[in-house]
Amino acid sequence: MNTEKRLAAHLLKLRQQHKMSLDTLATSSGISKATLSRMENASTSPTASQLNSLCNIYGITLSQLMYDAESGGISLFRAAQMPEWTDPQSGYQRRLLSPPASGFNIELLEIKLPAGALVQFAKPPLPGLEQHLVMQQGCLQLTLDTQHFELHSGDAIRFKLFGTSQFHNPGKHTAQYLLAVGNP
């Protein structure tokens with residue numbers, strides 16, 4: 001089963017575990033009932049923003065959602081086994097370098113944001129989510145609520161996420177960064 005089908009099955013399983021109807025989830029997430037149904041049937045690929053909204057409702061991080069959907073229990077990740085996912089709307093690419101695991105609070109991701117791409121989140125999947133971002137190449141304009149930061153290769157920033165966030169690559173080349181995420 002490919003990643004998209006596993007993700008769709010996992011989204012359905014999460015909704016059922018939380019005993020939510022499509023109507024209830026649509027109202028809570030702001031995602032239409034029809035879109036949620038298509039996501040659960042793997043007939044459409046969810047965007048990063050849509051997945052973030054669902055994670056907020058289920059009380060999990062995006063990495064936990066993707067890891068649970070992909071493999072669930074591998075202790076050692078070889079480079080070829082590291083799950084990758086691309087947001088169909090923005091081209092945002094995420095590769096899970098270190099998966100969430102029982103007893104550990106940190107996840108490590110490699111993010112690539114294409115030139116000109118913009119990814120926005122209305123709220124974090126979990127309020128107070130700790131993030132440490134280290135730019136590897138390119139430029140990133142980061143907005144956390146009303147605070148704006150411009151990051152370049154080698155720069156690092158750490159923050160706890162409570163409100164809106166926006167990641168924008170204003171450059172002509174792909175922006176790449178490492179992101180460590182810790183549950184509150």
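T61 is found in the loop between α4 and α5 (62-70), in a predicted model where local features need pLDDT of at least 70, side-chain atom pairs count only at pLDDT 80 or more, and totals for chains, interfaces and linings use all residues. Residues are numbered from 1 along each chain as its sequence is written, and side-chain values use heavy atoms, with hydrogens and water left out. Helices (H or I, at least four residues) and strands (E, at least two) are DSSP runs, numbered from the N terminus.

- T61 counts as buried because its relative accessibility is 2%; buried means under 20% relative accessible area, exposed over 50%, and partly exposed in between, with a 1.4 Å probe and protein chains only.
- The side chains of T61 and E107 make a polar contact at 2.9 Å. A polar contact is a pair of N or O atoms within 3.5 Å; within protein, one must be able to donate a hydrogen and the other to accept it, and residues adjacent in sequence count only if both atoms are side-chain atoms.
- With neighbours within four places in sequence left aside, T61 is in contact (heavy atoms within 4.5 Å) with C55, E107, P125, L126, L129, V181 and N183.

**Helix α2**

- Helix α2 spans residues 22-29, and its buried residues are L22, L25, A26 and S29.
- These residues lie on the same side of α2, because they cover an arc of only 100° around the axis; the arc is that of the directions from the helix axis to the C-beta atoms.
- The packing partners of the buried residues of α2 are α1 (3-17), α3 (33-40) and α4 (48-58).
- G30 follows α2 and has a positive phi, near 80°.

**Strand β10 and its partners**

- Seven of the eight residues of strand β10 (residues 175-182) are buried, so that the strand is mostly covered.
- Strand β3 (residues 106-113) pairs with β10 in the antiparallel sense over eight bridges; two strands pair if DSSP finds at least two bridges between them. Within this pairing, E110 stands opposite L178 in β10.
- Strand β5 (residues 129-137) also pairs with β10 in the antiparallel sense, over seven bridges. M135 stands opposite Y177 in β10, and the bridge partner of E130 in β10 is G182.
- β5 and strand β8 (residues 156-161) form an antiparallel pair over six bridges, in which E130 stands opposite K160 in β8.

**The open four-stranded sheet**

- An open sheet of four strands runs in the order β4-β9-β6-β7, with antiparallel pairing.
- Its edge strands, β4 (118-121) and β7 (147-152), each pair on one side only.
- Neighbouring strands of this sheet are turned by 15° against each other on average, direction ignored. Axes are lines fitted to C-alpha atoms, for helices over the stretch in contact, and angles run from 0 to 180 degrees between N-to-C directions.
- Four bridges join β4 to strand β9 (residues 165-168) in the antiparallel sense, and L118 stands opposite H168 in β9.

**The nonpolar core**

- The largest nonpolar core has 49 residues, and L65, Y92, L133 and Y177 have the most contacts inside it. Such a core is a set of buried Ala, Val, Leu, Ile, Met, Phe, Trp, Tyr and Cys residues joined through side-chain atoms within 4.5 Å.
- Not counting residues up to four places away in sequence, L133 touches L140, L151, D155, A156, I157, F167, Y177, L178 and L179.
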